[in-house]
Amino acid sequence: MGKILNWSLYALGALSLIVIGVIAWGVISGLHSAESITEEQEQKMQEVNKPTEQKEIVKVHEDGIPTEETFQQQIHNMTHQKVIAAEKWGKQQITPEQIDRLLGILKTIEETERHYEHFDFYKKTLEAWDGGNFSNSVMVHNTIWEWQNGSVGKATGLLSEEEERQYIENNF
């Protein structure tokens, strides 16, 4: 009985060392990967998350206007940088220039025959983002997801700043 008890204690000790080693490796790997985001990516992330001065949004050329389906998908893909979801299909980095480009498209089509069905939703979303407010990202993602009859990948929350850094590093 003593040998079994000793063997069990040795096995438990070895298992504990393995678990501690795996945890330590995970923490060290996480620190290393957090540092590997480029300065340019870090700067873009900081720019996007800060409110910007109000500026004039420039209209785009007529041939630069996507269909509503394409425009909607671009916004949906951008939300993936901000939300937690089991599945994410498509990606587009959020940048101040990208937000301005989409706002320019909306300005171009406002009150024309090309006016999008969900124009007000897009405008409200992009104006909040242009002001550095991404708290609506889960709602925006899930609204578009429902419009597209999504069945997998509903957003469940916002990514932390660190999780967003990791997403940017892995995808852009």
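Tutor: Rings of Phe, Tyr and Trp count as a pair if their centres lie within 6.5 Å. Keep in mind that this is a predicted model.

Student: What is the angle between the planes of Y116 and Y122?

Tutor: A pair of aromatic rings is described by the distance of the centres and the angle of the planes. For Y116 and Y122 the centres are 6.0 Å apart. Planes over 60 degrees apart count as edge-to-face, and Y116 and Y122 fall in that class with an angle of 85°.

Student: Are Y116 and Y122 buried or exposed?

Tutor: The cut-off for buried is under 20% relative accessible area. By that cut-off, both Y116 and Y122 are buried.

Student: Let's turn to the helices. At roughly what angle do the axes of α3 and α5 cross?

Tutor: Helix α3 spans residues 68-79 and helix α5 spans residues 119-130. Their axes come within 12 Å, and α3 passes α5 in a left-handed crossing. The crossing angle is roughly 35°.

Student: Which residues of α5 does α3 meet?

Tutor: From the α3 side come E68, F71, Q72, I75, M78 and T79. The residues of this contact divide into 6 nonpolar, 3 polar and 1 charged. On the α5 side, the partners are Y122, T125, L126 and W129.

Student: And α4 with α5: how many charged residues does that contact have?

Tutor: The axes of α4 (residues 96-109) and α5 come within 10 Å and cross at roughly 145°, and this crossing is left-handed. Residues of α4 including D100 meet residues of α5, among them K123, E127 and D130. By class, the contact has 9 nonpolar residues and no polar ones, and the charged residues number 4.

Student: How many residues of α6 are buried?

Tutor: Helix α6 runs over residues 137-147 and is mostly covered. Its buried residues, among them V140, I144 and W145, pack against α3, β1, α5 and β2. Of the 11 residues in α6, the buried ones number 8.

Student: One last thing: over which ring does the charged end of K82 sit?

Tutor: A charge over a ring has to be within 6 Å of the ring centre. The charged end of K82 is 4.1 Å from the centre, and the ring belongs to F134.

Conventions
Residues are numbered from 1 along each chain as its sequence is written. This is a predicted model: local features need pLDDT of at least 70, side-chain atom pairs count only at pLDDT 80 or more; totals for chains, interfaces and linings use all residues. Side-chain values use heavy atoms; hydrogens and water are left out. Axes are lines fitted to C-alpha atoms, for helices over the stretch in contact, and angles run from 0 to 180 degrees between N-to-C directions. Helices (H or I, at least four residues) and strands (E, at least two) are DSSP runs, numbered from the N terminus. A crossing is left-handed if the near helix is turned anticlockwise from the far one by less than a right angle, and right-handed if clockwise. Contact means heavy atoms within 4.5 Å. Ala, Val, Leu, Ile, Met, Phe, Trp, Tyr, Cys and Pro count as nonpolar, Asp, Glu, Lys and Arg as charged, and the others, Gly among them, as polar. Buried means under 20% relative accessible area, exposed over 50%, partly exposed in between (1.4 Å probe, protein chains only). Rings of Phe, Tyr and Trp (its six-membered ring) pair if their centres lie within 6.5 Å; planes under 30 degrees apart count as stacked, over 60 as edge-to-face and the rest as tilted. A charge sits over a ring if NZ of Lys or CZ of Arg is within 6 Å of the ring centre and within 35 degrees of the ring normal.
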